[in-house]
Amino acid sequence: SCVMVDAFWPDADFGLEYQSEMFGRYNGYNVVLIILESFSAEHSALLMPEEHDVVGYTPYLDELMRQSLCFKRCYANGATSIAAPPTIWSSTPSYESAFMLMSESLAECRPMPRLLRDKGYDTAFFCGSEHGSMGFGAYAHIAGIERLYSMDTYVENHPATDFDGKWGIWDEPFLRYMGEELSALEEPFFASCFTLTSHHPFNVPEDVRDELPAGTTLNHRPVAYVDRAIGRFMAQCAEEEWYDNTLFVFIADHVSSERMAERTLNAPGCFHIVGFIYAPDGSLAKEYDHVVAQVDIMPTVLGLVGNTTPYFAMGRDIFNELQREPFSLIRSGYGYVGLWDDYVTMFDGKSITGVYTYDDIEYQHDISHEVDVERADSVLKATLQQYYKHIAEMDFVVK
């Protein structure tokens, strides 16, 4: 198999080599991956229409999702920003500790950026905060990203007045800058970006404040600002020759601390995020109704571009690993949540403490008697065992 997934799965045939018609469909394409700060699914009228009268706070992204591989049930594997880059780029989640802050994260690895760089991709990371902020730049280098663009590089040729006064450059001018710099990269390229503006203290530029919906939480106006900024960024990219030969991946880092829907107060709703992949020719336009998590982004993208180099990943390629059912394990509070298509398992690290439907947001009806709890328990334990085994051995490369 071209994919190395080191997790136990009852009844799975890991000797099976399966390639769907999507494997390598976008061979040689550029990859632009945007990590959206605090973009909860509840901000979207497409993903959670029951929370909106007509439009939500992401009208541009909603329209783009309709033309994309839209993950209707996409979940963050963590609750903090620093957990996102390793989970998304490296398919390595954080559980008790943030992986990016662990010394084990310095071990040799083959994340998506490095795999693509080895195949001749130019690699870049854009974040409008100060160089080195939150350790993103350091981990980007570990992951195989060569070029770093930050507030420091931005102000060399752009107004320092674009600083938001807290975190970095406002997202709209920084995304415009990113669009300019992408055209200077050698194709094919992998470029990732981490947006900022929809983060606490939830401010937007004063001159556009009245143009944006106030909403009902502190973050609705900033989310609407970032949504509009992305629309303008994509329009800018559409004018470039490389645009038609590019996959655009959008995935949130975690949900917002500001929530409006009752179902987002508890797990799994408090991990439900925006996530989708867009191909400009519309060839990916499809709603995907199975569970998808951040750890699945790396394997799925690598399958789409036709990677044949073995790699370590905790997630699954949704097109080419059909022997593995949709599943993800998330650290939540002092325990864990196991997400399956039809039910949610609460897991304390040693045993399952409850099984519920997704609609049972207050955990009132345990349905353990309706599912194969023994099998689910095996998968949950084995996932943690494999994760900590690789952490302990600093083993993230297929031998």
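P188 sits in the loop between helix α6 (171-182) and strand β6 (189-194), where helices (H or I, at least four residues) and strands (E, at least two) are DSSP runs numbered from the N terminus. The peptide bond that joins E187 to P188 is cis, with omega at about -5°. Most residues other than glycine have a negative phi, and most peptide bonds are trans.

The model is a predicted one, in which local features need pLDDT of at least 70 and side-chain atom pairs count only at pLDDT 80 or more, while totals for chains, interfaces and linings use all residues. Residues are numbered from 1 along each chain as its sequence is written, and side-chain values use heavy atoms, with hydrogens and water left out.

S38, although not a glycine, has a positive phi of about 60°. This serine is found in the loop between β2 (30-36) and α1 (59-65). With a relative accessible area of 4%, S38 is buried; buried means under 20% relative accessible area, exposed over 50%, and partly exposed in between (1.4 Å probe, protein chains only). S91 likewise is not a glycine and has a positive phi, of about 55°. The loop that holds S91 lies between α2 (84-90) and α3 (112-118), and S91 counts as buried because its relative accessibility is 0%.

Turning to the whole fold, the protein contains nine helices and 15 strands. Its radius of gyration is 20 Å, close to the 21 Å that the globule rule gives for 399 residues, so the protein is as compact as a globular protein of that length. The radius is taken over C-alpha atoms, and the rule is 2.2 Å times the number of residues to the power 0.38. Along the principal axes, the C-alpha atoms fill a box of roughly 60 × 45 × 40 Å. Of the 399 residues, 61% count as buried. Among contacts (heavy atoms within 4.5 Å) between residues at least 6 apart in sequence, 71% join residues at least 24 apart.

Helix α8 (residues 297-304) is mostly covered, with eight of its eight residues buried. Among them are I297, M298, V301 and L302. After α8 comes G306, whose phi is positive, near 85°.

The cysteines complete the local picture. A disulfide is a covalent bond between the sulfur atoms of two cysteines; here the term stands for a pair of cysteine sulfur atoms within 2.5 Å. The structure holds zero disulfides. C74 takes part in none, and the nearest cysteine sulfur, that of C70, is 9.0 Å away. C74 counts as buried, since its relative accessibility is 0%. For C237, the closest cysteine sulfur belongs to C193 and lies 11 Å away, too far for a bond. C237 is buried as well, with a relative accessible area of 1%.

F327 lies in strand β12 (residues 327-332) and, at 10% relative accessibility, counts as buried.
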